[in-house]
Amino acid sequence: MANRGSHKPNGSSPMCQFKLVLLGESAVGKSSLVLRFVKGQFHEFQESTIGAAFLTQTVVLDDTTLKFEIWDTAGQERYHSLAPMYYRGSQAAVVVYDITNQDTFARAKTWVRELEKQGSPNIVIALAGNKADMANKRMVEYEDAQAYAEEKSLLFMETSAKTAMNVNDIFLAIAKRLPRNDDSGNRQRTQGQHLEDKDRREVKEGGCCSK
Amino acid sequence: MATSLHSNQISAGQEHAPGGSQNPVLVTKDSYEELEEDLSLDVDQSRPRHASGVIAEIVESRQHSEVDSNQNNAAVDYPATDQQVKGITADTNHLSLGDGQLTDESEVFVEEEEQRLRSGSVLQTVEKTKPAVVEEDIHSAAWKKHKKHIFILSEAGKPIYSRYGNEDKLVTLMGVIQALMSFVQDDKDSLRSVVAGGHLIVFLLRQPLMLVAASSTGESQQQLFLQLRYMYNQILSVLTHTQLNRIFEQRRNYDLRRLLSGTERFLNSLADLMDSDPCFLLTAVRGLPLDNTVRDVIGQSMQSAKVKDLVFAILIADGQLVTLVHMKKYILHPADLHLVINLLKASTSFETSDSWVPLCLPNFDSSGYLYSHISYLDDSPACLLLMTVDQMAFKEMENCKQKILEKLKKHNCLAAIKDSVKRGSYTCQEVGISELRHFLYKNKSTAQFTAPSWGAPYSDPAEQERLFSLYRFVHQKVHNPARPLKILFYVGSHESALGWITSGFELYAVFSPLTTKQVAILAVNKILKWIKKEEERLFILNPPEY
């Protein structure tokens with residue numbers, strides 16, 4: 001993976017690489033969102049993920065090539081203690097809930113809290129209210145979720161993996177928020193000594209751009 | 001008859017049995033001996049029943065070598081700070097979910113889950129995962145018609161799994177099972193089986209779980225015990241023995257379905273597979289027929305891509321083993337490999353992406369997980385599993401996979417695998433024995449078996465099922481613990497069958513019903529000669545080691 005040129009500080013193509021993790025209760029549609037984004041597919045009866053799945057997708061935004069390295073985690077309780085392994089060092093997280101199920105929204109809030117406490121300090125968090133095509137069974141009001149997202153300064157969209165509504169948009173919105181110019185890269189590299197370990201880690205993962 | 005066979009036919013020593021090898025790729029202990037040992041433990045609980053500690057041993061040896069070679073790898077190779085790496089290593093010492101540092105958090109979640117349970121939301125999700133299934137219950141005729149039921153419940157009598165019908169609707173039945181088993185258990189005895197009309201009901205207690213099979217298939221008590229043990233191991237492969245015990249120590253009436261949600265399909269698929277695939281009956285693995293030079297190249301490619309802490313690298317195509325590379329000291333049990341094969345059969349999601357899955361292999365180490373990188377290579381039917389003790393090693397495994405993939409592509413190995421899968425197993429005609437209809441051959445020294453494809457007259461699924469039950473019948477007769485047989489010739493109305501057990505192999509061959517014993521014996525010797533000739537193609541004889 002490391003030989004694809006994206007880590008080279010002076011690589012020729014403008015390319016950024018981001019680690020992104022999907023979190024949320026089981027059966028809210030995390031895998032469906034990723035499959036829609038990466039492969040443009042949707043399966044009505046998507047199998048529940050076991051462990052975690054790793055996918056990549058490359059998009060072009062304002063003449064910059066962005067490569068997402070996506071961890072699609074399993075939502076079941078038994079996998080919860082493995083989650084830090086995926087969100088530690090991620091630059092972005094999509095926390096997904098199901099708009100037809102109030103409990104999944106509560107669970108999403110717990111994930112946001114955990115990310116604030118234990119995720120990378122500058123992590124970009126997006127909240128996705130999935131299954132928007134099933135608005136007739138809505139249990140979570142758009143306004144409630146939006147108010148919560150504003151309070152926590154999260155990106156927020158209601159999405160539908162089934163109809164593809166807002167799926168690409170939410171990933172692109174994340175990409176726009178991610179730091180990816182020379183300045184941020186240099187700034188990170190020249191910060192104080194005590195942050196050296198963390199800096200190296202961010203550089204290594206392509207948190208800055210190689211433009 | 002057995003003696004006359006021994007004297008004038010081929011000697012049946014292990015080294016002469018076709019497909020035999022000095023370097024077994026799999027554990028070769030006979031599953032029926034194992035079962036007898038296992039069941040005798042019900043009385044004597046003091047001896048350990050579960051494989052345990054192997055992972056800790058590997059982690060420990062790794063830590064030693066790490067200390068020796070300084071810490072030059074941690075911060076550079078890893079997206080984590082030194083401190084995090086240390087924390088993670090501490091985690092892997094326990095390796096089970098919710099252990100170590102994370103205990104506090106997971107307890108918080110237990111509380112949250114409890115609240116949700118009270119509000120009934122968990123039951124909602126459980127039901128939602130089973131959408132299209134027609135709800136059967138104990139009173140419906142369709143439910144009663146099923147040939148083999150399997151039930152799993154907790155010692156407190158809480159339903160965990162039923163092969164057919166919604167286990168929620170079977171609470172009374174689960175209660176009866178629990179009462180029966182604990183009543184006998186109170187007298188320090190254990191209930192093994194009950195015969196009721198055409199049904200054999202077999203009970204297996206694996207604290208904290210109770211497993212029951214009710215079958216009208218004519219299978220023996222041992223065969224059903226073995227299947228229940230597989231079901232139990234399937235649950236362990238998700239949770240580990242350590243975690244399962246801890247949960248029920250904390251709360252005896254815990255509803256285990258919450259932790260197992262999403263894994264019903266693996267239990268269902270395993271139950272179905274055991275009714276059709278002879279690998280479980282034989283406790284053996286089928287090798288994918290492949291030219292031995294190709295297999296060697298594949299094995300070497302996998303071996304040369306070795307990375308630290310890689311315990312097993314397994315290549316499977318279409319439920320058959322292509323090859324397996326293992327850490328020198330550690331050998332895989334075929335029953336563990338069966339769980340892996342079942343995992344792949346029951347999932348299509350591995351085909352769309354590379355996955356990172358914690359898997360417990362109960363016969364290897366029931367106390368912890370091996371972290372498995374699972375990927376189908378280049379949209380081919382070949383699935384590569386790389387298993388390590390290090391839960392943070394996904395990137396290393398990903399690199400290792402890329403190296404293996406490049407080598408296999410360079411040597412056209414994936415095309416060879418694709419061809420072999422497409423061609424399927426050989427036909428019985430290729431063996432060139434006119435009376436022969438089908439056979440199963442297991443080499444005991446490698447725990448591998450071979451069988452021709454289901455050709456005529458067994459192309460119809462109903463006929464396959466009948467043939468399979470004939471195999472089970474012969475198998476059960478020769479493995480009868482009270483009176484084990486070396487050789488059995490059975491004449492039925494549709495076919496005759498010969499079962500032959502030696503120290504080196506097990507052979508079950510099926511002929512037309514008019515075939516005489518003498519002809520059958522001549523034929524099985526021809527089968528053995530043919531297998532000997534083909535052994536390098538059919539069996540994995542020289543697996544490389546790390």
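Predicted model: local features only at pLDDT ≥ 70, side-chain atom pairs only at ≥ 80, totals over all residues.
**Chain A as a whole**

Chain A contains 7 helices and 6 strands. Read from the N terminus, its elements follow the order β-α-β-β-α-β-α-β-α-β-α-α-α. The chain has 211 residues, and 60% of them are buried. Its accessible surface is about 9,000 Å², with 47% of that belonging to carbon and sulfur atoms. Contacts can also be sorted by how far apart the two residues are in sequence. Taking the contacts in chain A between residues at least 6 apart, 73% join residues at least 24 apart.

**Aromatic residues**

Over all chains, the count of aromatic pairs is 25. Two of these pairs are set out below, with the distance between ring centres and the angle between ring planes.

| Pair | Centre to centre | Angle between planes | Arrangement |
|---|---|---|---|
| A:Phe105 and A:Tyr148 | 6.0 Å | 80° | edge-to-face |
| B:Tyr230 and B:Phe280 | 5.0 Å | 85° | edge-to-face |

The pair in chain A links distant parts of the chain: A:Phe105 is in helix H3 (residues 102–118), A:Tyr148 is in helix H4 (residues 142–151), and the two are 43 residues apart. Are these two residues buried or exposed? A:Phe105 has a relative accessible area of 4% and is buried. A:Tyr148 has a relative accessible area of 10% and is buried as well. Both values fall under the 20% that sets the limit for a buried residue.

**Helix H16 of chain B**

Helix H16 of chain B covers residues 334–345, which is 12 residues. From its first C-alpha to its last it reaches 16 Å, close to the 16 Å expected at 1.5 Å a residue. Of the 12 residues in H16(B), 11 are buried, so the helix is largely enclosed by the rest of the structure. The buried residues include B:Pro334, B:Asp336, B:His338 and B:Asn342, along with B:Leu337, B:Val340 and B:Ile341.

**A loop residue that touches chain A**

B:Ser261 sits in the loop between helix H12 (257–260) and helix H13 (264–274) of chain B. Which residues does B:Ser261 touch, leaving out those up to four places away in sequence? They are A:Gln76 and A:Arg78. B:Ser261 has a relative accessibility of 17%, so it counts as buried.

**Cysteines**

A disulfide is a covalent bond between the sulfur atoms of two cysteines. How many disulfides does the structure hold over all chains? The number is 0. For B:Cys400, the nearest cysteine sulfur is that of B:Cys383, 14 Å away. A disulfide requires the two sulfur atoms to be within 2.5 Å, and B:Cys400 is in no disulfide. B:Cys400 is buried, with a relative accessible area of 0%. A:Cys16 also counts as buried, at 1% relative accessibility.

Definitions and conventions:
Residues numbered from 1 in each chain as written. Chains lettered and ligands numbered in written order. Heavy atoms only, no water. Helix = DSSP H or I, 4+ residues; strand = E, 2+ residues; numbered from the N terminus. Buried < 20%, exposed > 50% of the residue type's maximum accessible area, 1.4 Å probe, protein only. Contact = heavy atoms within 4.5 Å. Areas by Shrake-Rupley, 256 points an atom, 1.4 Å probe, with all protein chains shown as cover. Phe/Tyr/Trp six-rings, centres within 6.5 Å; stacked < 30°, edge-to-face > 60°. Expected span 1.5 Å × (residues − 1).
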